[in-house]
Amino acid sequence: MKDFEGLAHLFVVAFLFHFSSFMVLPSITDVTMDAVCPGRDECSVAIYLSGFQNAITGLGALVVTPIVGNLSDKYGRKALMTLPVTVAILPLFILACNRSEMYFYVYYVAKIVAGIFCEGSMHCLSLAYVADRVGTRRRAAAFGLLSGVSAAGFLSGTVTARFLPTSSTFQVAAAVAAAGAIYLRAFVPDSGAAVSFDDEACDPLLQDSSCSSATSSSTSSDGELSPRLPPYKGVLPSPSDMVALLTSSLSLSAAAMITFFYSLGEHGLQTALLYYLKAQFGYSKDEFANLLLIAGAAGMLSQLTVMPILAPIVGEEMLLIIGLLGGCTHVFLYGIAWSSWVPYFAAAFIILSAFVHPSIRTNVSKSVGPHEQGIAQGCISGISSFASILAPLIFTPLTAWFLSETKPFEFEGFSIMVAGFCTLIAFVISTRMRGERCGAGEKASIV
């Protein structure tokens, strides 16, 4: 942990941001149902509202996130990070005031606007900040720690929500979100292309690293070469810029495809799961909180302890394959759940699926130079956002159909199984890419 002390203030902000964001998650389904369909356990309108919100948020994030990432390469991470942490306060404040039908719809609009700026931007900027300050050999562990801190915020928020009434939940969440924004401005040092360590400087977090100033190529502080792409001179990256970036190497192309299919399955699961569990097993706020508690604990344990240990041993590619396999198992178990305890068991597999996103982001970070970290991470976040647009369009009507009285056959978890097949496609792509690289390596050794 000594190697990452310079990231402590960023970790605090990430913790507070995710604490406030996820603290309200166990309550929001009941709040939505009470506002839209009071007294009912099944409501297609609530499902469609949630799906529409996710689709519009994803569409906006698809456009905004690469722009924010590119701007952060020019003007610094801290300045751009202020936007999502500040905007996130507004929807929480609205429901902290009142949860009547009128306030809910005001919250609904504010949440869509906030989600456009928060959905991928905060994660993208945090990853780019870490990449600015940590060399490539330690980057997988650093990304895992960042994800682990975020999971700790998720877990702590869920635990807190478990013991608070709904009225207090939104008030506390709004206060914590405001505290995170203030902490960011007061304590987090800036980082970005203009201030990150350059080709001749040592990584300030790796004091034992050797540096060489006599190299003409871009070299990270721990001695590994970082490929350089032509710098983007425009403020707004064009689609051709982003396509050129993502097709510039096999690693980036694979990361883009895996991100799309895994995110499609992940967002599909998120679209369907809570309404499916409420209809199938009668889950309410407390059961949702227990489920999220297990998921958060598994993710935090995985990313704070397991991943930093395994990453230097097996490498990011193998971690990615293990994580995708765990992700497939995790989703399929939800889909075939035959009893109310099965979702809790399925949530435990997050200890493996938590490897996926940090592994993808590490491969992306290693495939570009220090001045492309923001736009590269922004492009991957944009792909995830594009998947989040498609997911509600596919899974919202599918979930509503199979939870209705007119379902074609008796399989309430069918939409979740479809999400599982999306994650399975990502797993197949990952294993094939690894097989091709191993085959290419064997041919090169023979030659």
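1. Let's start with the charges: the count of salt bridges in this predicted model comes to one. The partners are Asp132 and Arg77, whose side chains meet at 2.7 Å, N to O. The pair ties together distant parts of the chain, since Asp132 sits in helix 7 (residues 121-133) and Arg77 in helix 4 (residues 77-87), 55 residues apart.

2. Is that pair buried or exposed? Asp132 counts as buried because its relative accessible area is 2%, and Arg77 is buried too, at 0%. As background, side chains of opposite charge can pair when their charged atoms come close.

3. Next, have a look at Ser20, which belongs to helix 1 (residues 8-23). With a relative accessible area of 2%, Ser20 is buried. A polar atom of the Ser20 side chain lies 3.0 Å from the backbone oxygen of Phe17.

4. What else does Ser20 touch, leaving aside its neighbours within four places in sequence? The contacts of Ser20 are then Leu92, Ala173, Val176 and Ala177.

5. Now for the surface. Ile336, Trp338, Trp341 and Phe345 make a nonpolar patch there of about 480 Å². One of these, Trp338, is in the loop between helix 12 (285-335) and helix 13 (342-347). Why call Trp338 exposed? Its relative accessible area is 57%, and the cut-off for exposed is over 50%.

Conventions. Residues are numbered from 1 along each chain as its sequence is written. This is a predicted model: local features need pLDDT of at least 70, side-chain atom pairs count only at pLDDT 80 or more; totals for chains, interfaces and linings use all residues. Side-chain values use heavy atoms; hydrogens and water are left out. Patches are made of residues with over 30% relative accessible area and no salt bridge: like charges are joined within 9 Å, nonpolar side chains (Val, Leu, Ile, Met, Phe, Trp, Tyr) within 5 Å. Accessible areas come from the Shrake-Rupley method with a 1.4 Å probe; for residues, only the protein chains shown count as cover. A salt bridge is a side-chain nitrogen of Lys or Arg within 4 Å of a carboxyl oxygen of Asp or Glu. Helices (H or I, at least four residues) and strands (E, at least two) are DSSP runs, numbered from the N terminus. Buried means under 20% relative accessible area, exposed over 50%, partly exposed in between (1.4 Å probe, protein chains only). A polar contact is a pair of N or O atoms within 3.5 Å; within protein, one must be able to donate a hydrogen and the other to accept it, and residues adjacent in sequence count only if both atoms are side-chain atoms. Contact means heavy atoms within 4.5 Å.
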